[in-house]
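Open the model in your viewer and keep the selection tool at hand. The tour goes stop by stop, with a selection at each one.

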Amino acid sequence: MIAPTIERDVSAIVQEAIEKHGAKRDALIPILSEINHALGYIPAEAFQEVRKQLNAEQEHVYVSKSQLFGLASFYDMLSTNPRGRHVIKFCENAPCHVVGGKAVWDSLCEALDLNNGETSADKKWTLVTTSCLGLCSVSPVVLIDDDLYGNVNPDQIDEILERYE
Amino acid sequence: MQTKRAMILVSNDPESVRLGANELIQHLTEALTAYDLQGEVEISTLANIGTSNILPLVVVYPEATVYGPVKVEDARFLVEEHLYKGRIATDLVAPPKQLSGNIGWLRAHKGYNPAEQRIVLERAGRIDPENLEEFITENGYQALGKALSEMTPEQVIETIEKSGLQGRGGAGFPTGRKWKFVRMAKGEKKYIICNADESEPGTFKDRIVLEGDPHTILEAMTIAGYALGADEGYIYIRGEYGLAYRRLQHAIEQAEEFGFLGNNIFNTDFNFHIHLHTGAGAYVCGEETALIESIEGKRGEPRARPPYPVTHGLWNKPTLVNNVETLANIPAIIRNGAEWYRSFGTPSSPGTKVYTIMGNVNFSGVIEVPMGITLREVINIYAKGLKPGSVLRLAQTGGSSGSIIPASLQDTPMDFESFRKAGVSLGSGALLICDQNTCIVDLVKVLLQFFRFESCGKCTPCRVGTQRAYEIVDRISKGQGKLEDLDVLISLGQEMERAANCGLGQTAAVPIRDMLKHFRTEVEAHIRLGSCPAGICEMLPEVELA
């Protein structure tokens, strides 16, 4: 029987990540980041797979699934839940806030009909707030996937969202 | 008549003449002859343009560079640099505006931008960050060569200690002393860590260094490795800084290829290797023990201290953790000496500080100026004033864990000592300038939201304290607060400061303290009158009890 696609992919992706960053304790976060980047989130099978591959006798990195989950749930850039095709990150910190960030956030929520942390039914969008991205000279800042939008005002939101398939 | 390509104007008012203007003209003429430029450059005189502290004044056209005060013995250097080599003799450039404090020498910029003193950002934006040769041309790796060939590790540490450099990550701990602790710590294996997990809201100075001048950090870490007896270093860079990561990665490869990193650096028996490690989005990892935990592949939860990282750091070995900006000062100090560094800034806070300016001002961005200038000067000169119609209401210095200061404190010199005396934190150097349309309650609510989100959850005072403080301030912002809430906030803040495990929890209550210290009337208006004086907070209708 052929394993379901997702399973084969996960195993290969995990193997690739471990090869790239090394089977070392201090590579755990880079490995998880790599998997998160490839799949958009870290599914339960991936934790299982990382544990299996790293705990193989020759590697000597003994790590439990719960430790890995603990890492993934701690760090903001790692997700344990599936996300939409496009992830919108909105900076909610003071530098963006005092130059009109709140109005931009309201406009985003309204345009997408989503609240913080939600994913749209069609799996197109995930909307999250984030802490400072270090782009404060062009605040308010919205990050969609890897595209940065600075000096955003509420009227631009519709036009920005239209750029994404 | 022969056309001249340049013209030198020397001020010859009585004051300038008294200070040697005529001898200067004489020496300039001789220098021109020495470089065979007498046919191309003309010397003339000009009146004092009203800057009596920098006489005699020399202006060189067509660039219109203003030099001053120019001494007789500077004449040859000026001619050689500006007219023979064709580059501005930066050491002699006149400051365009006298700033407060003992601020040493400011370099003039042509055109619109006001003068800055760049040590940390010296090369950022001027060289191609991916080209090692350009870095070397601009004195790159010179300090490392000097340290390895002319100085003992003890001398390196002594130089850093004498320079008076203080940690630029926020706490202001003397860098030389930290280096000494690691040097003296027992153990064969030691580590050097560069803290590039810059995530204090409003701070992006380190990003500018990493993206614009990555080799500086490698050079500084290698010098630290030599001085402290370490052969391995880590750069912990926040996961969001993709470009900086790629630039550093490229720089490490180049440095290894050219023998500035790796084994037998500069043909000595000194070896040093640098690993690049990315974070994955956690503000608390900027705390040094949380950062170390994170490198070790764990949740970034700060350790109980003591023991401190200087004796028990990464993998429990003695470890130096320095911020990017701190490290970026090191090569310049080694090259030019401690005394040179002390000529900038104030006696108790030598050197420069990189600030990020933002908020309701006309210019947002990064500047580097000597320690000791005031907030008013930063706003008026560098930020080019507040936006039209804006009046300064308050400023937040040093990011979320910094201080909120009212407009009345804007003339306090910005250096570690003066700020400490005023009960203000310089923090990371973020300067958020807010106008009359900022409500203090709303701002503090945003800050507390940040802390409750970023609290790692390890210790109760912080985990629960940030949440409860947020809830109370949220209630006040909706017009549902009680006056007793303010007392609860104060005692909650004191407990957090006393009992929290790390700086995050200890400083989370600072915004509350500052709010009640400087803006109590405004807070009470939310409670007593159920209205927001700035018109920002949305008040909920009063809840009727059944």
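**Stop 1: a strand pair.** Select Ile193(B) and Val321(B). Ile193(B) stands opposite Val321(B), which is in strand β8(B). Now widen the selection to β5, residues 191-196 of chain B, and β8(B): five bridges join the two strands, and they run parallel. Strands count as paired if DSSP finds at least two bridges between them. Strands here are DSSP runs of E with at least two residues, helices are runs of H or I with at least four, and both are numbered from the N terminus.

Before going on, note the ground rules. This is a predicted model, in which local features need pLDDT of at least 70 and side-chain atom pairs count only at pLDDT 80 or more, while totals for chains, interfaces and linings use all residues. Residues are numbered from 1 along each chain as its sequence is written, and chains are lettered from A and ligands numbered from 1 in the order in which they are written.

Stay on β8, residues 319-323 of chain B. Is the strand covered or open? It is mostly covered, with five of its five residues buried. A residue is buried if 20 or more other C-beta atoms lie within 10 Å of its own, exposed if 12 or fewer, and partly exposed in between; the C-beta atoms are placed from the backbone. Colour the two faces of β8(B) separately. Thr319(B), Val321(B) and Asn323(B) are on one side, Leu320(B) and Asn322(B) on the other, and all are buried.

Stop 2: Select Pro306(B) and Pro307(B). Check omega. The bond from Arg305(B) to Pro306(B) is cis, with omega near -5°. The bond from Pro306(B) to Pro307(B) is cis too, with omega near 5°. Most residues other than glycine have a negative phi, and most peptide bonds are trans.

Move to Trp315(B), also in the loop between α11 and β8 of chain B. Its phi is positive, about 50°, although Trp315(B) is not a glycine. Trp315(B) has 13 other C-beta atoms within 10 Å, so it is partly exposed.

**Stop 3: another positive phi.** Select Phe266(B), in the loop between α10 (242-257) and β7 (273-278) of chain B. Phi of Phe266(B) is near 50°, a positive value in a residue other than glycine. Phe266(B) counts as partly exposed because it has 15 C-beta neighbours inside 10 Å.

**Stop 4: Gln436(B).** This residue is in the loop between β13 and α16 of chain B. With 17 other C-beta atoms within 10 Å, Gln436(B) is partly exposed. Which residues does Gln436(B) touch, not counting those up to four places away in sequence? Select Ser390(B), Val391(B), Arg393(B) and Ala534(B). A contact means that two C-beta atoms, placed from the backbone, lie within 7 Å. For a distance check, draw a line from Gln436(B) to Pro174(B): they are 262 residues apart in sequence and 38 Å apart in space, C-alpha to C-alpha.

**Stop 5: a helix with two faces.** Select α18, residues 483-499 of chain B. The helix has 17 residues and reaches 25 Å from its first C-alpha to its last, close to the 24 Å expected at 1.5 Å a residue. That expected span is 1.5 Å times one less than the number of residues. Its buried residues are Leu489(B), Leu492(B), Gly493(B) and Met496(B). Look down the axis of α18(B): the buried residues fall within an arc of 105°, so they line one face of the helix. The arc is that of the directions from the helix axis to the C-beta atoms. The buried residues of α18(B) pack against α17 (460-477), α19 (503-507) and α20 (510-518) of chain B. Turn to the face away from the buried side of α18(B). Exposed residues there include Leu483(B), Asp487(B) and Arg498(B).

**Stop 6: the side facing chain A.** Show both chains. In chain B, 38 residues are in contact with 29 residues of chain A. Elements giving two or more residues to this side of chain B are α11 (288-295), β9 (352-359), β13 (430-435) and α16 (440-454). Of these, α16(B) gives the most, with seven residues.

**Last stop: zoom out.** Chain B has 21 helices and 13 strands. Its C-alpha trace spans about 100 × 60 × 35 Å along the principal axes. Buried residues make up 53% of the 546 residues in chain B.
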